[in-house]
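This report describes a predicted model. It considers charged side-chain pairs and then the sheet.

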Amino acid sequence: MAKAGDVLAMEPLGCRVQLIRTADETNGELVEFDVLGRPRGFLVQSHVHTGQVERYDVMAGMLKIVEKGREHMLGPGETMEVPAGVAHRQVPGNKSPDGHVRVQVRPAGSTQAFLERVAEMCAAGDFNR
């Protein structure tokens, strides 16, 4: 199990994830991580967290969140929360390869294990563009 500070490489998907606070460290209350780079592929597809709230804090670059058919463009210092059960997608909001978004998922659920598995699959060559 990864710990705070660990970086999960997902280069085939255009990004890496650095764990800030893990599910174990917060007793499952949340998992917090930084997404660095320009995610692509299945990572930017529409999805629903049925029992989790997802919060985005843009640190650098631009982030576009599409929720309920509306687009929200966020820049550095801006924050948005997506309630549980709401279909959404988040994509880079500009062409910059240097995006940096802090994400918090409450409760943690299996999100961290999912991220770790995606990193393992990237390392094994199971993903491509």
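Asp57 and Arg55 form a salt bridge in which the closest N and O atoms are 3.2 Å apart. Asp57 counts as buried because its relative accessibility is 16%, under the 20% cut-off. Arg55, at 30% relative accessibility, counts as partly exposed.

The structure holds 7 salt bridges. Three of them are listed below.

| Salt bridge | Closest N and O atoms |
|---|---|
| Arg102 with Asp34 | 2.6 Å |
| Asp57 with Arg55 | 3.2 Å |
| Lys64 with Glu71 | 3.8 Å |

Arg102 forms a salt bridge with Asp34. Arg102 lies in strand β9 and Asp34 in strand β3, so this pair ties together parts that are 68 residues apart in sequence. Asp34 is buried, with a relative accessible area of 4%, whereas Arg102 is partly exposed at 23% relative accessibility. In the pair of Lys64 and Glu71, Glu71 is exposed, its relative accessible area being 55%.

Strands β3 and β9 belong to an open sheet of 6 strands, ordered β1-β2-β3-β9-β4-β7 with antiparallel pairing. The edge strands, each pairing on one side only, are β1 (7–10) and β7 (79–82). On average, neighbouring strands of this sheet are turned by 20° against each other, direction ignored.

Strand β1 runs antiparallel to β2 (residues 15–21), and 4 bridges join the two. Met10 has Cys15 in β2 as its bridge partner. Helix α1 (residues 111–123) packs on the sheet and touches β1, β2, β3 (31–37) and β9 (99–106). The direction of helix α1 makes about 50° with that of β1.

Technical notes. Residues are numbered from 1 along each chain as its sequence is written. This is a predicted model: local features need pLDDT of at least 70, side-chain atom pairs count only at pLDDT 80 or more; totals for chains, interfaces and linings use all residues. Side-chain values use heavy atoms; hydrogens and water are left out. Two strands pair if DSSP finds at least two bridges between them. Axes are lines fitted to C-alpha atoms, for helices over the stretch in contact, and angles run from 0 to 180 degrees between N-to-C directions. Contact means heavy atoms within 4.5 Å. A salt bridge is a side-chain nitrogen of Lys or Arg within 4 Å of a carboxyl oxygen of Asp or Glu. Buried means under 20% relative accessible area, exposed over 50%, partly exposed in between (1.4 Å probe, protein chains only).
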